[in-house]
Amino acid sequence: MSITNHKVLVANRGEIAVRIVEACIQLGLEFVCIHTAEDAASGHVRLAREKGGKKSLYRVSSYHDANELLAVADDAEATAVHPGYGFFAEDYRFARRVSQRDRKLIFIGPSWRVIRELGDKINTKRLARSLGVPTVPGSDKPIYDELEAEKIARSLYEFQRQQGIESPMVLVKASAGGGGMGIEEVHDIDLFRSVYRRIRNYAARQFKDEGVLIEQRIRDFNHLEVQILAERGCANIVHFGTRNCSIQSTGLQKRVEVAPGFDPSAVSYSFDAQKVLDDITAHSLAMAREVKYDNVGTWEWIVARDGTPYLMEVNTRIQVENGVSAAISRIKGQAGVNIIKEQIRCGLGEPIGYNQEDITFEGVGIEYRIIAEAPENRFSPWVGRITKFDWKQEDWLTMHTHVPTDQPYDIPTEFDPNLALGIVWGNDLAEVRLRGLNFLDNLTLEGANQAGEGMKSNIAFLHNKTPHILLF
Amino acid sequence: MLDISAVLEKIKASPYKELTITSPHTGVLTLPEGLAPGTQLHGPMGTWKEKPGSLLATLDRERNEKNIHCPEKGEVVWLNTELQGSFVEAGVELVRYRHFLSKEEVLEQILKQALHLYLAPERAKYYFVPAVDIKIKVSGPKAVSVRDGEEIFIMSRMKREAPLRYSGPEGVIYAVYFNHNQNVDTGQALIGVCPPDLITQVEDVVTRVQMEWKERE
């Protein structure tokens with residue numbers, strides 16, 4: 001079956017849904033989008049109306065309801081499901097159901113067995129350790145018992161003291177969480193129980209699972225990623241380089257991503273940065289081969305001040321920040337790489353069609369996450385109506401957004417207030433920083449909430465961080 | 001001071017409310033035979049309301065049939081016969097019916113005017129803090145007293161949670177107007193608080209409604 005005979009259900013919303021639709025259009029694929037009542041004004045809905053064919057848009061009760069998605073897939077005669085990120089992207093039960101039901105569909109993501117093996121933070125750590133890949137010290141399974149949690153926390157404090165760390169700290173994370181949600185750090189064992197209970201209750205409310213992970217908090221680190229792409233059957237696995245995602249909110253959510261992960265040609269590091277990049281890439285590829293990885297995935301790493309890398313987790317899905325890796329990648333010397341397009345092609349069964357030697361990297365990319373939030377108030381989300389959203393078009397800039405620029409837009413309260421991704425490319429670090437500042441200076445974002453207060457965004461925060469990217 | 005007689009007369013002048021049943025999710029729609037404008041509907045019955053109300057529609061989705069029952073008694077005004085047998089999206093209007101207000105509903109309407117309402121400051125999901133939540137689950141809301149500045153809610157928006165303090169007169173929580181895991185719009189009432197000096201008046205409202213409101217069969 002030629003891949004152009006496929007119709008893809010875009011099982012997501014917002015900016016990623018827009019990008020999946022654009023990739024489908026580039027590949028000549030039909031698509032069908034879904035939306036909830038709150039999302040009726042989202043750009044992906046408009047795109048589906050304007051560019052979609054027959055049966056290309058459905059209103060559903062929830063993006064979280066698998067029955068809803070599959071009922072739409074059947075009525076629209078979709079043959080494949082792209083989960084995007086979040087929602088069902090890393091739910092192996094959903095991926096299994098999609099591919100094993102009577103009317104089978106292709107899950108555009110890793111096979112359900114791979115998701116099951118790597119999607120669980122605990123299994124990933126075990127696998128990594130079995131391959132000699134260093135991991136962040138901490139609990140090997142979700143903890144449901146307060147006393148057990150406290151025991152692990154005490155041992156982590158003790159371990160850090162033995163390492164000579166003056167202010168040891170542990171992280172308490174909702175096991176079922178993600179995207180930086182449900183994470184708190186504890187610097188005093190006497191406060192541990194109250195934090196543990198708070199995260200446990202939060203996890204129960206938000207994720208319906210009380211499981212909590214206890215990990216060592218590594219201070220003074222950089223957060224790196226390796227972007228992997230594998231074809232079905234795992235005959236060919238390639239990587240699209242590294243990213244640095246160290247600029248985060250106080251809640252450990254990414255705000256700026258840079259590719260490549262380090263730039264030893266422009267920045268002096270206290271360790272062999274190129275070797276670290278080579279090592280984490282090699283480790284990631286080795287793990288991918290071991291589990292017979294068969295679509296896109298991201299290996300997330302923490303690199304300590306001395307250059308020691310620790311594997312944090314594997315995200316068995318497309319990441320928000322895939323575009324910044326694409327911006328610096330060239331396939332057989334050609335720019336314009338679209339990793340979502342590559343994901344869909346490979347997911348539908350096409351071979352990658354090129355080797356690692358065909359992928360080269362050029363320049364430096366920055367991805368800015370433009371968010372309605374107040375960084376000065378612990379990045380609290382801002383809710384209201386956007387009345388003006390505009391930016392200066394440049395050939396070195398790519399914007400991805402679901403927010404309309406020709407009419408007001410009310411930010412839904414049901415989802416994260418992410419508004420857009422601005423991806424800036426430059427020949428080198430100095431140029432990309434200047435272009436990044438130029439982009440932010442020319443970005444207009446205005447609005448007001450119900451109380452008439454002006455819109456809050458993280459643009460100034462992004463501006464302040466730009467001179468510091470890739471510095472350690 | 002609330003003029004209960006005047007409020008009751010106003011409600012008596014317009015004792016109906018019209019409600020629309022929409023599809024809760026997607027699915028293939030079947031409207032039951034015999035359902036037509038003018039059909040009388042009943043709500044849940046039985047000691048524990050274990051018998052569902054009149055069948056209004058069935059949605060078939062992923063081989064699961066979901067029956068949509070009438071939540072209260074009333075009379076069909078309109079039904080969407082054009083969609084019979086077709087796949088419907090979520091939120092599509094299926095049936096409209098009118099309903100004669102019950103004693104509880106009249107009481108709720110009047111109490112909303114008598115009690116001190118604490119309103120949602122933002123569109124968000126609201127929860128009681130665990131200590132209050134347990135008390136309400138075990139003994140009911142009237143077992144909980146609140147005072148100005150007391151932290152009794154958790155406000156959840158975009159998966160971020162923030163504590164929320166009650167502001168208003170001290171009293172018992174007489175009514176809770178929000179449901180678990182459902183969004184509440186800005187300005188909607190979260191709780192109705194009865195201050196001690198209002199208890200007599202509220203009890204009077206309850207008695208008057210019980211005596212004066214005649215429900216229709």
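**Figure 1. Packing of helix α1(A) against helix α11(A) in the predicted model**. The axes of α1 (residues 14-27) and α11 (residues 339-347), both of chain A, come within 9 Å and cross at roughly 65°. The crossing of α1(A) with α11(A) is right-handed. On the α1(A) side, the contact is formed by I16(A), R19(A), I20(A), A23(A), C24(A), Q26(A) and L27(A). On the α11(A) side, I340(A), K341(A), I344(A) and R345(A) take part. Sorted by class, the residues of this helix contact are 7 nonpolar, 1 polar and 3 charged.

**Figure 2. Extent of the interface between chain A and chain B**. In the predicted model, 37 residues of chain A are in contact with 24 residues of chain B. About 2,600 Å² is buried between the two chains, and 45% of that area lies on carbon and sulfur atoms. R59(A), R205(A) and T413(A) together supply 24% of the area that chain A buries against chain B, more than any other three residues.

**Figure 3. Salt bridges and polar contacts between chain A and chain B**. Across this interface there are 8 salt bridges. A salt bridge joins the side chains of D65(A) and R61(B), with an N to O distance of 3.0 Å.

**Figure 4. Elements of chain A on the side that touches chain B**. Two or more residues each are given to this side by β3 (57-59), α3 (66-75) and α8 (189-207) of chain A. The largest share, 7 residues, comes from α3(A). By class, the side of chain A that touches chain B holds 16 nonpolar, 7 polar and 14 charged residues.

**Figure 5. Cis peptide bond at P260(A)**. The bond from A259(A) to P260(A) is cis in the predicted model, and its omega is near 5°. P260(A) sits in the loop that runs between β11 (254-259) and α9 (273-290) of chain A. For reference, most peptide bonds are trans.

**Figure 6. Positive phi at K292(A)**. K292(A), a residue other than glycine, has a phi near 55°. The loop that holds K292(A) lies between α9 and β12 (296-304) of chain A. Most residues other than glycine have a negative phi.

Key
Residues are numbered from 1 along each chain as its sequence is written. Chains are lettered from A and ligands numbered from 1 in the order in which they are written. This is a predicted model: local features need pLDDT of at least 70, side-chain atom pairs count only at pLDDT 80 or more; totals for chains, interfaces and linings use all residues. Side-chain values use heavy atoms; hydrogens and water are left out. Axes are lines fitted to C-alpha atoms, for helices over the stretch in contact, and angles run from 0 to 180 degrees between N-to-C directions. Helices (H or I, at least four residues) and strands (E, at least two) are DSSP runs, numbered from the N terminus. A crossing is left-handed if the near helix is turned anticlockwise from the far one by less than a right angle, and right-handed if clockwise. Contact means heavy atoms within 4.5 Å. Ala, Val, Leu, Ile, Met, Phe, Trp, Tyr, Cys and Pro count as nonpolar, Asp, Glu, Lys and Arg as charged, and the others, Gly among them, as polar. Buried area is the accessible area (1.4 Å probe) that two parts lose on being put together, summed over both. A salt bridge is a side-chain nitrogen of Lys or Arg within 4 Å of a carboxyl oxygen of Asp or Glu. A polar contact is a pair of N or O atoms within 3.5 Å; within protein, one must be able to donate a hydrogen and the other to accept it, and residues adjacent in sequence count only if both atoms are side-chain atoms.
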